[in-house]
Amino acid sequence: MDGGRAQIIERGVLTAPDEASDVAVGQAEVIGRLAAEPRVGLAAADAAAAELGISRRQVYVLLGRWRAGEGVV
């Protein structure tokens, strides 16, 4: 058929297991709320980190990606 290489059926469509999808959607909800604020202080970042079960640094990484338009989900 294609020499053993995978075919791209449709561009722009990504599937993930339900568990991974749920995590991404939860992160998007929390990070989206933070991104609406002009500045995110340590207290807000720490609260988001606790809610998501990640580090403060990772919250800022996700926030940076969100604001850069890379998307979190």
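Just after helix α2, G53 adopts a positive phi of about 75 degrees. This glycine is a handy landmark for finding the end of α2 in the predicted model described here. The protein contains three helices and zero strands, and along the sequence these elements follow the pattern α-α-α. Of its 73 residues, 22% count as buried. Among contacts between residues at least 6 apart in sequence, 50% join residues at least 24 apart.

The mean pLDDT of the protein is 82, and 73% of the residues reach 70 or more. Confidence is highest in α2, at 97, and lowest in α1, at a mean of 85. Where pLDDT is low, the predicted coordinates should not be read in detail.

Helix α2 spans residues 42-52, and within this helix A45, A48 and A49 are buried. Viewed down the axis of α2, the buried residues fall within an arc of 100 degrees, so they line one face of the helix. What, then, covers the buried residues of α2? The cover includes α1 (18-35) and α3 (56-68).

Each of these neighbours can be taken in turn. Two packed helices are described by the angle between their axes and the distance between the axes. For α1 and α2, the angle is about 170 degrees and the axes are 10 Å apart. Angles over 145 degrees count as roughly antiparallel, so α1 is roughly antiparallel to α2. From α1, the residues G26, Q27, V30, I31, R33 and L34 meet A44, A48, E51 and L52 of α2. Sorted by class, this contact of α1 with α2 has six nonpolar, two polar and two charged residues.

Leaving aside residues up to four places away in sequence, L52 touches G26, Q27, V30 and I31. Although L52 and I31 are 21 residues apart in sequence, their C-alpha atoms are 9.6 Å apart in space.

How do the axes of α2 and α3 cross, and at what angle? They come within 8 Å and cross at roughly 100 degrees, which makes α2 roughly perpendicular to α3. Here L42, A45, D46, A48 and A49 of α2 meet R56, V59 and Y60 of α3. The residues of this contact of α2 with α3 divide into six nonpolar, no polar and two charged.

The remaining pair is α1 and α3, whose axes come within 10 Å and cross at roughly 75 degrees. α1 and α3 are therefore roughly perpendicular to each other. Their contact is made by Q27, A28, I31, G32, L34 and A35 of α1 together with V59, L62, L63, W66 and R67 of α3. By class, the residues of the contact of α1 with α3 comprise eight nonpolar, two polar and one charged.

Note on methods:
Residues numbered from 1 in each chain as written. Predicted model: local features only at pLDDT ≥ 70, side-chain atom pairs only at ≥ 80, totals over all residues. Heavy atoms only, no water. Buried < 20%, exposed > 50% of the residue type's maximum accessible area, 1.4 Å probe, protein only. Helix = DSSP H or I, 4+ residues; strand = E, 2+ residues; numbered from the N terminus. Arc of directions from axis to C-beta. Contact = heavy atoms within 4.5 Å. Axes fitted to C-alpha atoms, helices over the stretch in contact; angles between N-to-C directions. Parallel < 35°, antiparallel > 145°, perpendicular 65-115°, else oblique. Nonpolar A, V, L, I, M, F, W, Y, C, P; charged D, E, K, R; others polar. pLDDT = per-residue confidence, 0-100.
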